[in-house]
Amino acid sequence: ALYASRMNLSYVVVERGMNCAHFFDSFPRRGDLISFNKPNTPSPMSTWSEDQRIDYRLKFDWHSMLATSNETRQFTTYTNKFYPRAEVFVDYVDQVVSE
């Protein structure tokens, strides 16, 4: 939806609940995401541009919203737990959507 709105495209977001990421309010049942969060990635090449460094770090970041190029909005800045709680992800999504 962020990409579509930036490109002035019409779109519809279908969400069953009243909040974003409603699925994660109930699932996973035990509350921990099974995909890992890796805030400390191997060092990228020193000759790379900042865009290349961001792209490289995103290879290890499975949770961040891709349309948020601002590094302070990356999910890895919200928690450093390897397997984060689903509630933290919901809070992250809500904050990104509100901005």
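**View 1. The largest pocket and its lining.** The largest pocket is lined by 13 residues, and those nearest its centre are Ala1, Leu2, Met65, Val93 and Val97. Helix 1 and helix 4 are the elements that give two or more residues to this lining, and helix 4 gives the most, with three residues. By type, the lining divides into 12 nonpolar residues, no polar ones and one charged residue, where Ala, Val, Leu, Ile, Met, Phe, Trp, Tyr, Cys and Pro count as nonpolar, Asp, Glu, Lys and Arg as charged, and the others, Gly among them, as polar. About 290 Å³ of space lies in this pocket. A pocket, on a 1 Å grid over the protein atoms alone, is an open set of points where a 1.4 Å probe fits, with protein on both sides within 12 Å along at least five of seven lines, and lining residues have an atom within 4 Å of a point; a volume is the space filled by probe spheres set on the points, which are joined across faces, edges and corners.

**View 2. The whole chain and the confidence of the model.** This is a predicted model, in which local features need pLDDT of at least 70 and side-chain atom pairs count only at pLDDT 80 or more, while totals for chains, interfaces and linings use all residues. Residues are numbered from 1 along each chain as its sequence is written, and side-chain values use heavy atoms, with hydrogens and water left out. The protein averages a pLDDT of 81, and 94% of the residues score at least 70, pLDDT being the predictor's confidence in each residue, from 0 to 100. There are four helices and zero strands, so named from DSSP runs (H or I, at least four residues, for helices; E, at least two, for strands) that are numbered from the N terminus. The C-alpha trace spans about 45 × 40 × 15 Å along its principal axes.

**View 3. The largest nonpolar core.** Nine residues form the largest nonpolar core, namely Ala21, Leu33, Phe75, Ala86, Phe89, Val90, Tyr92, Val93 and Val96. A nonpolar core is a set of buried Ala, Val, Leu, Ile, Met, Phe, Trp, Tyr and Cys residues joined through side-chain atoms within 4.5 Å, and buried means under 20% relative accessible area, exposed over 50%, and partly exposed in between (1.4 Å probe, protein chains only). In soluble globular proteins, nonpolar side chains tend to be buried together. Over the whole protein, buried residues make up 26% of the 99 residues.

**View 4. Phe75 and its contacts.** Phe75 is found in the loop between helix 3 and helix 4, and it counts as buried because its relative accessibility is 0%. Leaving aside neighbours within four places in sequence, Phe75 is in contact with Asn37, Asp61, His63, Ser64, Pro84, Val88, Phe89 and Tyr92, contact meaning heavy atoms within 4.5 Å. Phe75 and Val93 are 18 residues apart in sequence, and their C-alpha atoms are 9.0 Å apart in space.

**View 5. Thr79 in the loop between helix 3 and helix 4.** Thr79 counts as buried, since its relative accessibility is 13%. Apart from its neighbours within four places in sequence, Thr79 is in contact with Asn37, Pro84 and Val88. The C-alpha atoms of Thr79 and Asn37 are separated by 8.2 Å, although these residues are 42 residues apart along the chain.

View 6. Most residues other than glycine have a negative phi, and most peptide bonds are trans. Asn8, which is not a glycine, has a positive phi of about 55°, and Ala21, also not a glycine, has a positive phi of about 60°. Asn8 lies in the loop between helix 1 and helix 2, and Ala21 has its place in the loop between helix 1 and helix 2 as well. Asn8 is exposed, with a relative accessible area of 71%, whereas Ala21 counts as buried at 13% relative accessibility. The peptide bond from Phe27 to Pro28 is cis, with omega near -10°, and Pro28 is found in the loop between helix 2 and helix 3 (50–58).
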